[in-house]
Amino acid sequence: MGKIAVAVIVSSWVVAASILVNRIVTEPYMDEIFHIPQAQQYCEGNFRSWDPMITTPPGLYIVSLAYVASLFPGIFSMKADVSFSDACSSSILRSSNGVLAVFCSMMVYNILTHLRPSLTDRKVTLRTVVLALYPLHWFFTFLYYTDVASLTAVLASYLMSLKKKYFFSSLVGALAVLIRQTNIIWILFIACTGVLDYILDQQKDTADLTDSSQSQGKDAFPVSSQGVGTRSNLRKRRIHNQATTFSSPIHQKIASSVPSSDFSHEMREIISRLWQFKWEIIASFWPYLVIMAAFITFVFWNGSIVLGAKEAHTVSPHFAQLMYFSLISVLFVTPVHFTIGQAAALARSFWKKNKLVSFFQLCTALAVGFLSVHFFSIAHPYLVSDNRHYTFYLWRKVIKFHWSMKYLLVPLYVYSWISIFSILAKSQRKTWVLAYFLATAATLIPAPLIEFRYYTIPFFFLILHSHVDDDRSWLLMGILYVAINIFTIYMFLFRPFSWVHETGVQRFIW
């Protein structure tokens, strides 16, 4: 098994499902009516043409242009009278996402092997295949949307950062921002985690030098034969400890590098190290600063984060979006979060701590949840008027079922976040968890529209760093994903419907 097996498995369903989708859905659908014509304009060389309804930058179209150019010699050899613009058909453009989905699975495989080197190829393959089936990612593999390209670019940037190739990471990060501008948050997150890794490595190197000098000092003194045996045992123990350290992934080292679990201690240490290695950090991470400066310049020049349809995508304080994300994410990992064992573990951790402090924290979390859904819950016009999305039915049939329903769901939201934090805290440093939460909040809170597609990147970072070692849980997740995917693709392809006073077939979609 391994990467080849992953590529073969993912390619098999990408090819089969793509053929089925292109045979039934022959015309551009929903957001494709903007993306496909725009990409075709680029294929014709009209780079100054731009649809004002498109909100994202042209990164996807640039990638598609390169993809079609790589295929064109083969297409031309089979059909000599075809032009380059003719090669940019809907099916060809959609297939670019299929290819990117395979590349994305390779990124996931490599990230898992880097973060969890102790996992066997079989276990990494299982996890990668299951994540490739993640419904919010899987469905858009067959349509011409920005989601697959966006996730692939962000994960590629993260993988290069883990390998300490920061310049190449920033280059791919720039492409990720060109595909979807909100990816600037995740590129900043990648840079922050890279800085944490860099600080830890410098700290480890300093500790190794100190340990080496102490060892040489001890060896310089004559000792008895018993001392030789003792020194030999100490050396063996030291070598074993170093081997254990080097065999652990970066983020496990981050989680265990601070002897105190106190968050303030972590922050003081990080600030101290940042100042100590400031010039080295600037020398290594300056490309990320360039990307950030360019993005800020763009926002000032454009007057908004989005390019087009600015009135429908104004930045709004949508704090309830964080609540929705937590519940949706743990539902997609139900075998891990919604179990008796996990609930019991959370209850035990609650009682082990200072009960008064824990009770205050829980009340604060519930209060924040209630305030979020009461004052910062937004019903976007697209949400309440478009019945082609899951979110339309969840909003009408669940959240708006009764005036009290949105409040009754708050304990579930709070439980979801507590469970997420508890899983991450087992393997990640508290500063990493904080950075992840802030990145997720910065991505979701400004978005007025509830779109589950927006949850894909934070979900992948969450699941990749949640050390779920139970293969049974992964198999159950895979079964859950397959069931959801079959239902969704069936509804999309075989249960079309019509709108009154509208022409054309409407289809169910995420």
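Predicted model: local features only at pLDDT ≥ 70, side-chain atom pairs only at ≥ 80, totals over all residues.
Residues are numbered from 1 along each chain as its sequence is written, and side-chain values use heavy atoms, with hydrogens and water left out.

**Figure 1. The chain as a whole.** The chain holds 24 helices and zero strands; these are DSSP runs numbered from the N terminus (helices are H or I, at least four residues; strands are E, at least two). Of the 510 residues, 48% are buried (buried is under 20% relative accessible area, exposed over 50%, partly exposed in between; 1.4 Å probe, protein chains only). Among contacts in the chain with a separation of 6 or more, 79% are between residues 24 or more positions apart (contact means heavy atoms within 4.5 Å).

**Figure 2. Helix 17 against helix 21.** Two packed helices are described by the angle between their axes and the distance between the axes. Helix 17 (residues 355-375) and helix 21 (residues 410-425) have axes 9 Å apart, at an angle of about 125° (axes are lines fitted to C-alpha atoms, for helices over the stretch in contact; angles run from 0 to 180 degrees between N-to-C directions). The two helices are therefore oblique to each other (under 35 degrees is roughly parallel, over 145 roughly antiparallel, 65 to 115 roughly perpendicular, the rest oblique). Helix 17 contributes Leu362, Ala365, Leu366, Gly369, Phe370 and Val373 to the contact, and helix 21 contributes Val410, Pro411, Tyr413, Val414 and Ile418. By class, this contact has 10 nonpolar, one polar and no charged residues (Ala, Val, Leu, Ile, Met, Phe, Trp, Tyr, Cys and Pro count as nonpolar; Asp, Glu, Lys and Arg as charged; the others, Gly among them, as polar).

**Figure 3. Helix 16 against helix 21.** The axes of helix 16 (residues 340-352) and helix 21 come within 11 Å and cross at roughly 85°, and the pair is therefore roughly perpendicular. Gln342, Ala343 and Leu346 of helix 16 meet Tyr415, Ile418, Ser419, Ser422 and Ile423 of helix 21. Five of the residues in this contact are nonpolar, three are polar and none is charged.

**Figure 4. Surroundings of serine 169.** Serine 169 sits in helix 8 (residues 166-179) and is buried, at 0% relative accessible area. Its side chain makes a polar contact of 2.6 Å with the side chain of tyrosine 288 (a polar contact is a pair of N or O atoms within 3.5 Å; within protein, one must be able to donate a hydrogen and the other to accept it, and residues adjacent in sequence count only if both atoms are side-chain atoms). A polar atom of the serine 169 side chain also lies 2.7 Å from the backbone oxygen of serine 157. Beyond neighbours within four places in sequence, serine 169 is in contact with Ser157, Met160, Ser161, Ile190 and Tyr288.

Figure 5. Leucine 115 belongs to helix 4 (residues 90-115) and is buried, with a relative accessible area of 3%.

**Figure 6. Two loop residues with positive phi.** Most residues other than glycine have a negative phi. Lysine 164, in the loop between helix 7 (147-162) and helix 8, has a positive phi near 65°. Lysine 164 is partly exposed, at 36% relative accessibility. Alanine 309 has a positive phi of about 50° and is found in the loop between helix 13 (278-302) and helix 14 (320-331). Alanine 309 is buried, with a relative accessible area of 11%.
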